[in-house]
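Visitor: I would like to learn how to read the helices of a model like this one, and I would be glad if you took me through it step by step.

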Amino acid sequence: MIVDQFEEVLRKTSAIPLPTASPTGVAPIPSVVPDSPEYQFVGESGTKTLWVVFIIMLISSGVFSGLAWRVPVQKRLFYVITTLITITAAISYFAMATGQGVSVHHIHVREQHDHVPDTHHEIQRQIFWARYVDWAITTPLLLLDLGLLAGMNGAHLSIAIVADLIMVLTGLFAAFGSEGTPAKWGWYTIACFAYLIVVWQLGVNGRAAVQAKGQNVSSFFLAIAGYTLLLWTAYPIVWGFADGARQVGVDGEIIAYAILDVLAKPVFGTWLIITHAKLRETDVDLGGFWANGLNREGALRLNDDDGA
């Protein structure tokens with residue numbers, strides 16, 4: 001009796017259609033479990049690149065310093081400035097290679113969806129702040145090299161150097177800027193405007209000043225200044241793809257900046273010093289304290305009587 005009733009129930013329920021999956025236009029609802037942070041850190045290739053550039057900068061500094069000893073101290077200004085550029089870069093790359101010139105920037109990214117709630121995930125990316133310290137010291141020295149070569153006056157050269165410092169510092173602020181706010185790309189825009197001021201000072205005022213030094217110096221200045229500005233234009237482009245939009249990994253960022261730094265410092269310095277040695281019109285002859293220090297006439301006499 002009971003068996004007959006059970007079979008009757010089975011016959012009735014077997015005719016009920018079972019639910020089946022059907023395609024819909026709604027995307028799957030994201031999991032509420034938070035994703036693990038995405039780590040964008042330096043890898044093996046990036047670390048090797050940092051060490052290689054450190055060695056290049058160190059060797060370049062030794063070569064430039066050795067060349068300086070071959071000329072009188074009154075004419076060593078370009079040699080000293082160029083050596084300071086590469087030795088500063090060497091210190092910066094040593095700091096980055098040993099992991100002491102870097103911080104981790106925590107980035108919260110919000111992804112918007114049409115039919116489901118927005119999702120959030122975290123990115124932790126290394127920012128090599130030692131690079132910005134390097135640029136804050138070396139790029140004004142590079143401008144000083146170019147300004148002295150062209151014979152720019154102090155007012156125009158000072159404006160170029162201050163604009164350059166603003167460019168570097170605002171680039172650093174942009175690198176640590178909050179995601180999804182106007183501040184990040186606002187700092188980047190300020191840096192680009194500051195760079196245009198540097199271009200104006202070298203391209204207009206520098207070009208006008210160098211005309212007084214003759215055709216040879218003028219042609220050399222236009223060539224090396226154009227070369228420098230071309231390289232400097234590539235830096236904000238790399239920044240935009242790397243620290244800005246994060247379309248380039250940390251290793252790719254390191255390699256790109258390394259190539260630019262080698263071209264903008266050791267190669268620039270070699271070109272400048274070799275050509276400077278051939279063009280006597282580029283000499284900057286410094287005497288006084290630079291060459292002789294404090295002589296007896298300039299020394300302070302603390303024990304002399306007032307009437308002596």
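Guide: Let us begin with a definition: helices are DSSP runs of H or I with at least four residues, while strands are runs of E with at least two. In this predicted model, residues 254-274 are 100% helix and 0% strand, with end C-alpha atoms 29 Å apart. That span is among those that an unreviewed UniProt entry lists as "transmembrane region", and residues 76-96 are another; over residues 76-96 the chain is 95% helix and 0% strand, and the end C-alpha atoms lie 30 Å apart.

Visitor: How far apart should the ends of helix α5 be, and how far apart are they?

Guide: The expected span is 1.5 Å times one less than the number of residues. Helix α5, residues 154-175, has 22 residues and should therefore span 32 Å, which agrees with the 32 Å between its end C-alpha atoms.

Visitor: Which residues of α5 are buried?

Guide: An α-helix has 3.6 residues a turn, so residues three or four places apart point the same way. The buried residues of α5 include L157, A160, A163, D164, M167 and V168.

Visitor: Is T83 buried or exposed?

Guide: Buried means under 20% relative accessible area. T83, which sits in helix α3 (residues 77-97), counts as buried because its relative accessibility is 16%. Leaving aside neighbours within four places in sequence, T83 is in contact with S61, F64 and S65.

How values were computed
Residues numbered from 1 in each chain as written. Predicted model: local features only at pLDDT ≥ 70, side-chain atom pairs only at ≥ 80, totals over all residues. Heavy atoms only, no water. Buried < 20%, exposed > 50% of the residue type's maximum accessible area, 1.4 Å probe, protein only. Contact = heavy atoms within 4.5 Å. UniProt positions renumbered as here; feature names shortened; annotations may be inferred.
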